[in-house]
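Reader: I am new to this structure and would like to learn how to read it. Could you take me through some features one at a time?

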Amino acid sequence: MRRRLIPILILSLLAGTPLAAQGQTAAAAPQAMTYGHDPLQAIDFWPGKDAKAPLVIFVHGGGWKRGSKDNATGAAKAPHYTGLGYAFASINYRLVPDATVESQAQDVADAVAHLRSRAAALGIDPDRIILMGHSAGAHLVALVGTDMRYFAKAGLKADAVRGIIALDGAAYDVPTQMAQGGRFMAKTYEQAFGTDPARQKALSPTLQAAKPNAPDFLLLHVDRVDGTAQSNALAAALRKAGTPVEIHALPGRGLRGHMQINREMGDADYAGTGIVDAWLRRLFGQ
């Protein structure tokens, strides 16, 4: 099917819509910080309302080889979540081919550890942190939420975050994605995941979903054949392991919907915003 060939992880199309176009109020300029020695191991941080604010950490997409917190976070997220009183952070991570996907997952875990270590100074509650990712970032947050080796190496336990929000990811089951994804994305997947079946399985959240896992998951997807199938399979694997998970289908089809879920998350008029807000209220208790 032609829809299988849609380039689902093209960064250049994922930049956020200008705030003025959405009627949003811009968030204050973020605080910049680093969590490693590489220039890409960087974080933008917006404080919350209280001295121990809950924290939402966002991980951008871009096919594991592109992307930046500067152009792929989506314009509505920071003002929306800080407007709810939460702190918000958007991270960069090292990119393929200079880094491996394993290194990227470790970067995500290390960024969480860094923010937790500075919780008092930043005014965040280290026991109320959520990881959110889009596209390739959805794969990475799902991976660190199911394979506890990354958290363990960062000195973290499985409950270092309250939960994982994955926005329209795929490649949760890497071998299946590579087999069914079509020729258009074949080089991107091979560059990221290689040709070794054992490595592909190790980098598959669905195949790593036996406990221990992060405490809770929220999976959102639009109308894409592979994204829908992969999200449903991950949800089934998490439920089999006894890990709480919600899954929701959102309006939007193909690449346009894939872009929309990232660009508009946090916009009050977007269908996914209310779903995420309700889930966050339940886990954060506010």
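Author: We can begin with aromatic rings. Trp-46, Tyr-81 and Phe-88 form one aromatic cluster. Keep in mind throughout that this is a predicted model.

Reader: How many aromatic pairs does a search of the whole structure find?

Author: A pair of aromatic rings is described by the distance of the centres and the angle of the planes. Searching the whole structure gives 5 aromatic pairs. In one of them, Tyr-81 and Phe-88, the ring centres are 6.0 Å apart and the planes meet at 20°, so this pair is stacked.

Reader: Are Tyr-81 and Phe-88 buried or exposed?

Author: Tyr-81 has 0% relative accessibility and therefore counts as buried. Phe-88 also counts as buried, at 0% relative accessibility. Another pair, Tyr-86 with Phe-284, is edge-to-face, with 5.0 Å from centre to centre and 75° between the planes.

Reader: Where do Tyr-86 and Phe-284 lie?

Author: Tyr-86 is in the loop between helix H2 (77–83) and E4, while Phe-284 is in helix H12 (residues 271–284), so the pair ties together parts that are 198 residues apart in sequence. Both Tyr-86 and Phe-284 are buried.

Reader: Which residue lies over the face of Phe-58?

Author: Lys-77 does, at 4.7 Å from the centre of the ring.

Reader: Next, the nonpolar core. Which residues have the most contacts inside the largest one?

Author: In soluble globular proteins, nonpolar side chains tend to be buried together. Here the largest nonpolar core has 60 residues, and Trp-64, Leu-115 and Leu-131 have the most contacts inside it. Helix H3 gives the most to this core, with 8 residues. There is also a second, separate core of 23 residues, which includes Val-222, Ile-261, Trp-279 and Leu-280.

Reader: What does Leu-131 touch, not counting residues up to four places away in sequence?

Author: With those residues set aside, Leu-131 touches a list of residues that includes Ile-57, Val-59, Val-108, Val-112, Phe-151 and Ile-164.

Reader: How should I read the backbone? I would like to know which residues have a positive phi and where the cis peptide bonds are.

Author: Most residues other than glycine have a negative phi, and most peptide bonds are trans. Asp-168 is not a glycine, yet its phi is positive, about 50°. Ala-171, also not a glycine, has a positive phi of about 55°. Asp-168 lies in the loop between strand E6 (163–167) and helix H7 (174–180), and Ala-171 lies in the loop between E6 and H7 too. Asp-168 counts as buried because its relative accessibility is 0%, and Ala-171 counts as buried at 1%.

Author: As for the peptide bonds, a cis bond joins Val-96 and Pro-97, with omega about 10°. Pro-97 is found in the loop between strand E4 (87–91) and helix H3 (101–117). Another cis bond joins Lys-211 and Pro-212, again with omega about 10°. The loop holding Pro-212 runs between helix H9 (197–202) and strand E7 (217–223).

Reader: Which residues of helix H8 are buried?

Author: In H8 (residues 186–193), Thr-188, Tyr-189, Ala-192 and Phe-193 are buried. They cover an arc of only 100° around the axis, so they are on the same side of H8. The elements covering these buried residues include H3, H5, H7 and H9. After H8 comes Gly-194, with a positive phi near 70°.

Reader: What about polar residues in loops? Is Asp-147 buried or exposed?

Author: Asp-147 is buried, with a relative accessible area of 4%. Its place is in the loop between helix H5 (136–146) and helix H6 (149–153). The side chain of Asp-147 makes a polar contact with the side chain of Arg-149, at 2.6 Å. Leaving aside neighbours within four places in sequence, Asp-147 is in contact with Ala-202 and Gln-208.

Reader: And where does Gln-41 lie?

Author: Gln-41 is in the loop between strand E1 (31–34) and strand E2 (42–46). At 9% relative accessibility, Gln-41 counts as buried. Gln-41 and Asp-107 are 66 residues apart in sequence, and their C-alpha atoms are 7.1 Å apart in space. Beyond four places in sequence, the residues that Gln-41 touches include Met-33, Asn-92, Arg-94 and Asp-107.

Notes. Residues numbered from 1 in each chain as written. Predicted model: local features only at pLDDT ≥ 70, side-chain atom pairs only at ≥ 80, totals over all residues. Heavy atoms only, no water. Helix = DSSP H or I, 4+ residues; strand = E, 2+ residues; numbered from the N terminus. Buried < 20%, exposed > 50% of the residue type's maximum accessible area, 1.4 Å probe, protein only. Core = buried A, V, L, I, M, F, W, Y, C linked by side-chain atoms within 4.5 Å. Contact = heavy atoms within 4.5 Å. Phe/Tyr/Trp six-rings, centres within 6.5 Å; stacked < 30°, edge-to-face > 60°. Lys NZ or Arg CZ within 6 Å of the ring centre and 35° of its normal. Polar contact = N/O pair within 3.5 Å; in protein donor to acceptor, adjacent residues only side chain to side chain. Arc of directions from axis to C-beta.
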